[in-house]
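This report describes the domains, strand pairing and nonpolar cores of the model shown below.

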Amino acid sequence: MDSKQISSSEELNTNVESKKRKLVVPGEVIVSGDDYLPGEGARRDGKDVVAGRFGLAEELGRVVKVLAITGAFIPKRGNVVIGRVVDITFSGWLIDIDYAGSGFLPLDESPRFVSKSDMDQFLAIGDIVVAKIWAVKSKGIDLSLQGGKGLGKLEGGFVFRVPPARVPRVIGREGSMVAMIKEKTGCTVTVGQNGWVWLKGPTVDAEIKARKVIEFVADNVQLEGLTEKAEEMLG
Amino acid sequence: MSSMAISNQTIESFKKMFSEGKRFDGRSLTDSRELKIEYNVSNKAEGSARVKLGKTEVVAGIKLQVGAPYPDSPNKGNLMVSGDLLPIASPRVEMGPPQFTAIEIPRLVDRAIRESSMIHLDKLVITPGEKVWTVIIDIYPINDDGNLIDAATIAATAALHNAKLPALDENGKIDYHAPSTGKLPLREGIAPITVSFFKLGNSIIIDPTREEEEACDVRVSWGVSIWNGKHVINSCQKSGAEIFSASELEHMMKILPNKFNELSEKLKSYL
């Protein structure tokens with residue numbers, strides 16, 4: 001999967017020079033003064049801009065925002081997610097994407113013709129699939145396998161989870177972190193916006209190493225120079 | 001609706017890893033995670049212990065009550081083990097009536113401890129046939145990262161060693177203000193431990209993490225203690241649809257005494 005494609009929608013990609021990030025808790029004053037504007041995860045309280053979430057505070061020019069580092073996955077249209085098939089209905093597959101509502105992948109979305117009588121030939125219960133969120137509705141989430149590279153069933157490898165809020169850091173700026181892990185370990189890595197990570201490597205050792213580094217990155221999002229530390233771990 | 005079940009691909013991956021003798025956390029197939037025990041975590045209980053096995057965490061508390069003996073054992077104290085899986089322990093558990101695993105854990109701990117005769121139940125009699133001590137072991141899983149049964153037994157054993165008998169007043173009621181009269185009567189040198197073996201494909205593993213446990217097909221738990229200098233199996237429980245072959249059981253019996261010794265050394269260092 002092209003990791004650049006996933007990260008292009010991420011907020012980490014910004015051309016404005018940002019100051020050093022600071023770890024804040026809800027209610028903590030980030031900056032004072034009328035010059036600043038509260039952005040996502042921040043709010044104004046009198047003269048101060050205070051944090052509304054637990055995360056990393058960032059000043060981008062006049063805008064102050066908090067990048068959350070905890071919290072559940074909130075699906076948005078266009079997100080690429082990894083899910084697990086939990087049920088097969090007459091018109092499509094029910095996919096668990098680690099959200100309160102279930103994802104639905106209609107039969108029409110399969111890239112080739114699939115007969116209604118043997119839908120489990122294409123996706124069986126327990127299989128993992130990369131899909132794009134087509135629509136977020138009150139009754140559920142519609143998934144699609146069209147309009148993107150790398151969408152479809154994943155063969156081999158394994159899936160593990162990282163906190164969804166830390167996915168941007170795992171991917172890195174313009175996919176740099178994932179690209180580095182791929183290059184150094186020779187593994188294929190797909191990171192879904194819902195925090196599921198699929199990994200497949202040439203050897204078991206490479207897979208173990210790559211997973212260790214990804215979990216290290218996800219556990220230490222607040223560290224400075226995380227890319228260098230991850231590179232050190234990869235040796 | 002997050003079912004959080006494991007995917008087919010991940011199970012296949014684990015099979016391949018185990019057949020090469022490797023695990024994600026760098027342990028070998030029969031290595032246990034680091035065991036840590038902390039005492040007196042509850043100031044209301046007569047004895048308590050918190051056990052950490054890697055990220056798995058279990059708190060056990062001992063409560064002693066005065067009650068009537070069971071009709072079939074008038075000259076013995078009572079032993080009760082209770083416990084539940086709470087939503088705090090795992091995202092896989094919801095509030096509501098206890099699930100199968102939540103019923104299984106206290107029952108397995110009960111059998112491992114009762115059959116090892118670790119507690120001198122005959123010494124818990126206050127008035128024969130009328131009044132005896134009731135030992136209640138409460139098990140609270142705090143974090144479920146696999147292998148809860150083994151952690152729960154260690155926690156219960158540790159908490160029993162930590163337990164004190166409260167004093168009784170002249171009416172035969174427990175006087176919590178008086179200094180305690182002594183320790184719970186335990187037999188010397190008996191500290192039961194459960195060792196669970198899990199099987200995936202053709203590999204046998206010990207002390208799995210949550211995801212490894214979910215990938216495995218079948219489990220067998222052995223309640224082990226030492227009696228007259230020999231290792232004894234006091235209880236045994238198998239669950240899962242797969243089978244164990246005779247050679248696999250022999251393989252387990254080779255590992256079991258060493259594993260028991262290793263874990264009880266660690267447990268003793270905390271006693």
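## Domains of chain A

Chain A is divided into domain 1 (17-68), domain 2 (80-153) and domain 3 (158-234), with bounds taken from an automatic or database domain assignment. Between domain 1 of chain A and domain 3 of chain A, the C-alpha centres are 28 Å apart.

## Basis of the model

This is a predicted model, in which local features need pLDDT of at least 70 and side-chain atom pairs count only at pLDDT 80 or more, while totals for chains, interfaces and linings use all residues. Residues are numbered from 1 along each chain as its sequence is written, and chains are lettered from A and ligands numbered from 1 in the order in which they are written.

## Strand pairing in chain A

Strands are DSSP runs of E with at least two residues, and helices are runs of H or I with at least four, numbered from the N terminus; two strands pair if DSSP finds at least two bridges between them. Strand β8 (residues 80-89) of chain A runs antiparallel to strand β11 (residues 128-137) of chain A, joined by 5 bridges. Within this pairing, A:Val81 has A:Ala131 in β11(A) as its bridge partner.

β8(A) also pairs with strand β9 (residues 92-96) of chain A, in the antiparallel sense and over 5 bridges. Here A:Arg84 is bridged to A:Asp96 of β9(A), and the hairpin formed by β8(A) and β9(A) has 2 residues between the strands.

## Nonpolar cores

A nonpolar core is a set of buried Ala, Val, Leu, Ile, Met, Phe, Trp, Tyr and Cys residues joined through C-beta atoms within 7 Å; buried denotes 20 or more other C-beta atoms within 10 Å of a residue's own, with C-beta atoms placed from the backbone. The largest such core has 58 residues, and B:Ile139, B:Ala152 and B:Ala155 have the most contacts inside it. Helix α3 (residues 148-162) of chain B supplies the largest share of this core, 10 residues. A second, separate core of 46 residues includes A:Phe73, A:Ile141, A:Val167 and A:Leu199.

Note on methods
A residue is buried if 20 or more other C-beta atoms lie within 10 Å of its own, exposed if 12 or fewer, and partly exposed in between; C-beta atoms are placed from the backbone.
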